[in-house]
Amino acid sequence: MSSLTLSNTFLVVVIALILIRMMYRRIKQGLNGRPFKTFRLFTTPVIYFLLLLFFMAAFIGNIDYITIVILLCGIGIIPGFIYGEHVSFFEKDGKIFYKRSPYILTIWIAGFLARILLEFLYPSNLEIQFIVDALLAVTLGLIMGESIKTYIKYREYIEESHLPVY
């Protein structure tokens, strides 16, 4: 790792502040509730999938690598679906809100911090890159499982409340 100069120290501080702000907002919305939108619910897994593809681009020819990462994604769906049971819905100002599972939020934060830290500390280490990809794949699976479970619970909430489906 090269020594830090004033310009790249400033860049690291700015990136850290942006990441902290992003995590704070995500946690706050997840625990306090955010307006439910089906589009947003399924957009996040798509973004994570594209991010995973971007990180795996260096390993395009390695079928074993890609297979393992995809299997890890599939494995992550199971706990995401299970812990997605803790999603709750409520109405406020005539809109439907939902609170995310605190378990999945905790796992997401831990995985996010680990990925960012490893990516900055060891940017060119292939073993660390596999760990970053594996964490991203499991997180993608968790989010996919939670999104599926959230949508199922949303439909149940709508049926119980006799509200129109959005």
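This is a predicted model: local features need pLDDT of at least 70, side-chain atom pairs count only at pLDDT 80 or more; totals for chains, interfaces and linings use all residues.

Student: What pattern does the protein chain follow along the sequence?

Tutor: Helices (H or I, at least four residues) and strands (E, at least two) are DSSP runs, numbered from the N terminus. The protein chain has five helices and three strands. In sequence order, they give the pattern α-β-α-α-β-β-α-α.

Student: What percentage of the residues of the protein chain count as buried?

Tutor: Buried means under 20% relative accessible area, exposed over 50%, and partly exposed in between (1.4 Å probe, protein chains only). Along the principal axes, the C-alpha atoms of the protein chain fill a box of roughly 60 × 40 × 20 Å. Of its 166 residues, the share that counts as buried is 34%.

Student: How many salt bridges does the structure hold?

Tutor: Side chains of opposite charge can pair when their charged atoms come close. A salt bridge here is a side-chain nitrogen of Lys or Arg within 4 Å of a carboxyl oxygen of Asp or Glu. By that rule, the number of salt bridges in the structure is three.

Student: Which parts of the chain does the salt bridge between K149 and E85 link?

Tutor: The side chains of K149 and E85 meet at 2.9 Å, N to O. K149 counts as buried because its relative accessibility is 14%, whereas E85, at 40%, counts as partly exposed. The two residues are 64 apart, and the pair links helix α5 with the loop between α3 and β2 (88-92).

Student: How far apart in sequence are the parts that K153 and E85 tie together?

Tutor: K153 and E85 form a salt bridge too, at 3.6 Å, N to O. K153 lies in helix α5 and E85 in the loop between α3 and β2, so the pair ties together parts of the chain that are 68 residues apart.

Student: Are E146 and R100, which meet in a salt bridge, buried or exposed?

Tutor: Their side chains meet at 2.6 Å, N to O. E146 lies in helix α5 and R100 in the loop between β3 (95-99) and α4, so this pair ties together parts 46 residues apart in sequence. E146 has a relative accessible area of 4%, so it is buried; R100, with 8%, is likewise buried.

Student: Which residues do salt bridges that share partners join into one network?

Tutor: E85 pairs with K149, and E85 also pairs with K153. Through these shared partners, the network consists of E85, K149 and K153.

Student: Which residues are closest to the centre of the largest pocket?

Tutor: On a 1 Å grid over the protein atoms alone, a pocket is an open set of points where a 1.4 Å probe fits, with protein on both sides within 12 Å along at least five of seven lines, and lining residues have an atom within 4 Å of a point. The largest pocket has a volume of about 580 Å³, a volume being the space filled by probe spheres set on the points, which are joined across faces, edges and corners. Of the 27 residues that line the largest pocket, the closest to its centre are M22, R26, Y48, W108 and F112.

Student: Which helix gives the most to the lining of the largest pocket?

Tutor: At least two lining residues come from each of α1 (6-32), α2 (38-56), α4 (102-121) and α5 (126-161). With seven residues, the one that gives the most is α2.

Student: Where is D93, and what is its phi?

Tutor: Most residues other than glycine have a negative phi, and most peptide bonds are trans. D93 is in the loop between β2 and β3, and it counts as exposed because its relative accessibility is 73%. Its phi is positive, near 55°.

How values were computed. Residues are numbered from 1 along each chain as its sequence is written. Side-chain values use heavy atoms; hydrogens and water are left out.
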